[in-house]
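Please open the model in your viewer and keep the sequence panel beside it. The stops below say what to select next and what is there.

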Amino acid sequence: MDTFSACLAFGPIAIYLIALGAINLSGRPLVVTGTRETISLGLALLGLAIVGPMQLFMPQQAASWFGQLVWLLLVSFYLLCLVLAILLSRPRLVIYNVSHDDLRAALDDVARLLDADAAWAGKALSMPLAHVHLQLDSFSPFSNASLVATGDEQSFSGWRRLEAGLRERLAETHSTIRPHGLWLVAWGLGILAALAFWVAEDPGTIVGGLDRLLNP
């Protein structure tokens, strides 16, 4: 793998790791939608997809017809697949920097405000009046959790109200900073440092790699 391909493949991943580490080091709960998480992960993996399957399975006939514009078509196809995955997925919320007990207590408070008939069954929470049915999946080592929709009868407005309620409720919660955030930032910075050293060693390979990519 040449220098340009390495930067394109691993640069976005390193930035994603640093951002994720910074979120985990903030010490405050953060609520994001599954859509936002999927988009951020998809963009982080875009460079890897370009230097991997896109180059490997490059349609040569299309490349000869469209020239450099073939990359616009391939990237557009990747983004359309990402949008399709988002549209086909069920509603989901991801919460960073919160323990299982704190999240369950906050979720119970918000659920009672949104729906008086809210009821728990193990890790599953049903809010029939709000048309929201979900399961709480937590990952204790990272203090992260997901609220995943169960069943197809879901109300998107109900999920939006749940998201807003959780943000407001968790704003009062403080969590302990855990070392995994430092590891994520360290890995991201390490990758960027390695790429910067590689580029500084031979800057000309960036131009050559870009030329080879744009002229398949």
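Begin by colouring the protein chain by pLDDT, the predictor's confidence in each residue, from 0 to 100: the average is 85, and 90% of the residues score at least 70. This is a predicted model, in which local features need pLDDT of at least 70 and side-chain atom pairs count only at pLDDT 80 or more, while totals for chains, interfaces and linings use all residues. Residues are numbered from 1 along each chain as its sequence is written, and side-chain values use heavy atoms, with hydrogens and water left out.

**The whole chain**

Switch to a cartoon view, where the protein chain shows nine helices and six strands; helices (H or I, at least four residues) and strands (E, at least two) are DSSP runs, numbered from the N terminus. With a radius of gyration of 22 Å, well over the 17 Å that the globule rule gives for 216 residues, the protein chain is more spread out than a compact globule; the radius is taken over C-alpha atoms, and the rule is 2.2 Å times the number of residues to the power 0.38. Along its principal axes, the C-alpha trace spans about 65 × 40 × 25 Å. Confidence is lowest in helix 9 (residues 204-214), with a mean of 67, and highest in helix 2 (residues 34-44), at 93.

**Helix 2**

Select helix 2 next, and look for its buried residues, which are Gly34, Gly42 and Ala44. Because they cover an arc of only 160° around the axis, they are on the same side of helix 2, the arc being that of the directions from the helix axis to the C-beta atoms. Buried here means under 20% relative accessible area, exposed over 50%, and partly exposed in between (1.4 Å probe, protein chains only). The buried residues of helix 2 pack against helix 1 (3-25), strand 1 (30-33), helix 3 (46-56), helix 5 (69-88) and strand 2.

**The nonpolar cores**

Now show side chains and find the largest nonpolar core, which has 23 residues, those with the most contacts inside it being Leu103, Met127, Leu134, Leu147, Leu162 and Leu166. Such a core is a set of buried Ala, Val, Leu, Ile, Met, Phe, Trp, Tyr and Cys residues joined through side-chain atoms within 4.5 Å. At least two residues of this core come from each of strand 2 (92-96), helix 6 (100-114), strand 4 (124-127), strand 5 (132-139), strand 6 (144-149) and helix 7, and helix 6 gives the most, with five residues. Apart from this core lies another, of nine residues, among them Leu46, Ala49, Leu74 and Tyr78.

**Leu170**

Centre the view on Leu170, which lies in helix 7 (residues 156-170) and is buried, with a relative accessible area of 2%. Which residues does Leu170 touch, not counting those up to four places away in sequence? They are Pro29, Val31, Ile95, Val98, Leu103 and Ala106, where contact means heavy atoms within 4.5 Å. The C-alpha atoms of Leu170 and Leu30 are 8.1 Å apart, although 140 residues separate the two along the chain.

**Two loop residues**

Finish in the loop between strand 2 and helix 6, where you will find Asn97, a residue other than glycine whose phi is positive, near 60°. Asn97 is buried, with a relative accessible area of 3%. Then move to the loop between strand 4 and strand 5, the place of His131, which has a positive phi of about 60° although it is not a glycine. His131 is partly exposed, with a relative accessible area of 45%.
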